[in-house]
Structures are given as C-alpha cells and as structure tokens.
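Hi everyone, thanks for coming. I'll walk you through one structure today, so please have a look at it first.

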Amino acid sequence: MITRRNFLKSMAVASAGLTLTPGEFVHAQATKQTHKAGKVKMAYVGIGNRGEQIVDDFAKTEMVEVVALCDVDMGNKQTQKVMDRYPKAKRFRDFREMFDQCGNEFEAVAAAVPDHFHFPIAMLALSEGKHIYIEKPMCRTFHEGELMIQAARKHPNLVTQVGNQGHSEANYFQFKAWLDAGIIKDVTAVAAHMNNARRWHNYDANIYRFPEADPMPATMDWDTWLGATAYHDYSEKFHQGNWRCWYDFGMGALGDWGAHLLDTVHEFLELGLPYEITLKYGKGHNDYFYPFSSTILFRFGARKDMPPVDVVWYDGLDNLPPLPEGYGVSEFNADVPSTNQGNTPRMRLNPGKIIYSRELTFKGGSHGSTLRIIPEAKAKEMAPKLPEVPKSPSNHFENFLLACQGIEKARSPFEICGELCEVFCLGVIAQRLNTQLFFDPRTKQFTNNAFANAMLVGVPPRKGWEQFYQM
C-alpha cells in the first residue's frame, strides 16, 4: 500500500532526479490529476510577450485560479489577449498596489518582467508569504542574488522557482542518471554557445550616451517600470524586450541563455562560484550595451573528488567554439519556446554545449535537450552501459504548483538557481570591464579589482525602492 507519506517521499526522489518504480510513477501521475481540483490562487505580473506564454503554460495545467493581473503597460496590445481571457481578474499597473489591495486573495505570484525587475517582485512576494515563480535570469546583480537566496532560506515554507524549464525535462533527469551511473565523471571542460542574432547587433558600438527620449504610450507607467534602477527617459529601445540589450536593465545573451545551457552542469557537478572570470574576446565593447560577440572563461576549482573545470561561454555571430572530432550536425531543438525577438534564421551551430571529460565527450542542446556521446562509434560502444533514465513526473509549471500544494519539491528554487545566476553576474562584470578578474568564492569578493567589487552591489536604488533591499 502506498501511503501519502510514501508518495511524498517518492516525489521528492523524483525531483532529485532519481528513478521511480513503475508503480510509484503511475501513482504520482494519478495523484497529480486529483490535485487539479484544488487550484492555486495566482497573480501574474507581466502579461505581455513572454508573460502571455507563461500564463498559457500555467493555464494548461488546469491547476490555477487567476485572481489578479499586473502589467506596467496594461491595456496596450501585447496585454490584451490575457486581459480578455480573464475578464474578472483584478487589474493593476503597479505590483505594489496589487499586493496592498488584494494580497490576501492570492497565494502565489508568477512574474515575467525585465531582468532588473525580478528582485523587488520576488522580495515583496516572499515577505508577504507568497510562493514565487520568476523567469530567468533570477537576478541582475550579485548582491540581489545573495539577498534573494537569503530570503528564500528565511521562508522555507514558501516555494520559489526560476523559469529554466529544462530543469523539469529529459536533460535534467538524464544528466543525474548518467552522473550516478558513472557515465558522466571527471569533467574538465565545458563549452556553451549561443550564436544567434541579437537585437543589439544593429546598434552603434561608438555610443556615448543613452538613446533620446521617445513619445511614451498612454498606457505606460514608466516610473514603476524603472524600478530601483537610475532614472532613464522612456525609449522604444528599452521597451518590448529591448531592455535585454542594456547593462542597466538586462543580462545580455549570457543571462538569457546561460540558464538553459549550463543549469544541469552547474548543479550536478557542484561547480559553485568560479575563482577566475576573464573576457577573452569582446567585439563592439562599450559602456552601455552588451558586446556583439563575447568569449568568457569561467574557472572552477576542484570539488570533493571532482577535478577543476573550465567553462567557456561563446556568443555572437562570428564566435563559434571549436568543435571536437566526430561532432556531427547541430540539431535544432523544436521545443525551445518562441520569443518576441522575431524569427531569426537557424545557425550552423544551434544553441548548445560540449562537455569534455577525461574519458568521454558529450554534446547537448538547450532547455530539455538530452546529451549524446560523440563520436558515434563511441556512443554505440557505450550504449549497453547507459542506465534507464526516469521520466519527469511533471513539467516545470506543474512542478511549481504541486510544490505550492506540498506534493513535489521545486526543481529550480532560488537556493539552486541563484548561485548559477550569480555566476552570470560575475561574467557580466567581466564583460563590462573588459578584463580578467580573480574572485574568492569564500569571501565573495574580487581580489584584483576594486571597481569590480563595487559592481557586485551596483548603483544605489532610487528613492522609494530602498525597502526591497532591507526585507
């Protein structure tokens, strides 16, 4: 007989990437279905573009009751679909007003907002006793990451989840199973690459000031959109996803795609924080927006019985990593969600990673894409030794909701994804300073650059936003 206690134990095992027995897996699926009747009361912050996709993904679970909708540009065309879908939901342009006026009516928040806005929403949600799902990258500065991790630990009864959806797909379970079976071991180097066109590739690298002000949409609450960042005039080059281009608002290609390419490598190899971060190549470097191309070296020390690892990040159209013998073709992952970046042509090398161990070489894609051993001859030789990989009992959105109900454990909580995002924050500092940095993971300080240490915290928050850094 499978009791509720046994079921909870089995789901915790599943969330850690271990194999469920067939009976346990069937029971888990059945129990998940029964819990769709007990819906999680949800508030959404950011309902256009990527936010609309997240609202749709949560709706597919049939496990949410939508209480409130919030968007700083509420009423503009990108928000209309979600507004029409939930006409009875209360509407706000300022998330602070949403919490003040109806915070007692919802139990969880899902936010799809610019990178600089993740922090205040998450901190307020946790301080108000709400579960929080937030898109990646989790934070924009190292200091914000530290505070978010601390807040999550302070509220262990609240569920946090970061939107690197591959953490609930085959990539996650395969990596753990292969690691446990000794297939993945003694990893010494990783190359992660994302070489698609980006919006800022059309900008002028000789920039000497921020863009001129543009007429602001009548629906826009620009002051709230800016959040804690320094004041900037409204510009179309900041809005509708363009914020990702700028150091002041976004995390560039590294923050955008790093969580989809390096999440399992970082977690299961227990990489922690690097001791060296070096910008090896930066095309179009300037003080305002991200380079057109970047090669960033992250060096991680030995952990337990695992050797040191060098992780090299490649982005930019002209900046492909060297490919090992027998790499073969670069498969396109059709499961990658579409974005509002437009339809960019497929690259000769689609986003992915190459993992080098002392005995084997693996290639993989992004999100939930599984790894393959290369060359093909070695893959055939290893096939009989490969363990069975468990199926995921829930997708990333179901996992969050089931965790809110106490049924599963969140697979990408702040305590796990936060440190990975901090790695990206260190990489962005190296990009911005165009230099080699040495970092002490114990003191969490750079040892060779005072400017870099100041950038760990960033500029002081605007007046009225200091409270979020004191929660």
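So, where is S394 found? S394 sits in the loop between α12 (376-382) and α13 (396-404). A quick word on those names: helices are DSSP runs of H or I with at least four residues, strands are runs of E with at least two, and both are numbered from the N terminus.

Before I go on, two bits of housekeeping. This is a predicted model, where local features need pLDDT of at least 70 and side-chain atom pairs count only at pLDDT 80 or more, while totals for chains, interfaces and linings use all residues. Residues are numbered from 1 along each chain as its sequence is written, and side-chain values use heavy atoms, with hydrogens and water left out.

Back to S394: buried or exposed? It's buried, at a relative accessible area of 3%; buried means under 20%, exposed over 50%, and partly exposed in between, using a 1.4 Å probe and protein chains only. The side chain of S394 also makes a polar contact of 2.7 Å with the side chain of E408. For that term, we want a pair of N or O atoms within 3.5 Å; within protein, one must be able to donate a hydrogen and the other to accept it, and residues adjacent in sequence count only if both atoms are side-chain atoms.

How confident is the predictor? That's pLDDT, its confidence in each residue from 0 to 100. The average over the protein is 91, and 89% of the residues score at least 70. Residues 1-28, though, have a pLDDT below 50, and beyond near neighbours in sequence this stretch has 43 contacts in the model. Contact here means heavy atoms within 4.5 Å. Residues 339-347 also stay under 50, with 13 contacts beyond four places in sequence.

Next stop, V159. You'll find V159 in the loop between α7 (142-154) and β6 (160-162), and it is buried, with a relative accessible area of 10%. Which residues does V159 touch, not counting those up to four places away in sequence? They are H131, I132, F400, A403, C404 and A410. Take I132: it is 27 residues from V159 along the chain, yet their C-alpha atoms are separated by 6.4 Å.

Now, salt bridges, meaning a side-chain nitrogen of Lys or Arg within 4 Å of a carboxyl oxygen of Asp or Glu. By this rule there are 24 of them. One joins R85 and D56, at 3.2 Å from N to O. R85 lies in helix α4 (residues 80-85) and D56 in helix α3 (residues 50-60), so this pair ties together parts that are 29 residues apart in sequence. R85 is partly exposed at 40%, and D56 is partly exposed at 27%.

Another is between E105 and K90, with the closest N and O atoms 2.6 Å apart. Here E105 is in the loop between α5 (95-102) and β4 (108-111) and K90 is in strand β3 (residues 90-92), so parts 15 residues apart in sequence get tied together.

Then there's R299 with E276, whose closest N and O atoms are 3.9 Å apart. That pair links R299 in strand β9 (residues 293-300) to E276 in strand β8 (residues 276-283), 23 residues apart. R299 is partly exposed at 28%, whereas E276 is buried at 8%. And salt bridges with shared partners join D115, K136, R198, R244 and D256 into one network.

On to the inside. A nonpolar core is a set of buried Ala, Val, Leu, Ile, Met, Phe, Trp, Tyr and Cys residues joined through side-chain atoms within 4.5 Å. The largest one has 109 residues, and F95, M98, W313 and F414 touch the most other members. Its largest share, eleven residues, comes from helix α14 (residues 414-433). Apart from that core lies another, of 30 residues, including M63 and Y133.

Last, the sheet. In what order do the nine strands of the open sheet run? It goes β13-β12-β11-β7-β10-β9-β8-β14-β15, with mixed pairing; strands pair if DSSP finds at least two bridges between them. At the edges stand β13 (372-374) and β15 (445-446), each with a single partner strand, so one side of each has no neighbour in the sheet. Strand β14 (residues 436-440) and β15 run antiparallel and are joined by two bridges. In β15, Q445 is the bridge partner of D440.

Notes:
pLDDT is the predictor's confidence in each residue, from 0 to 100.
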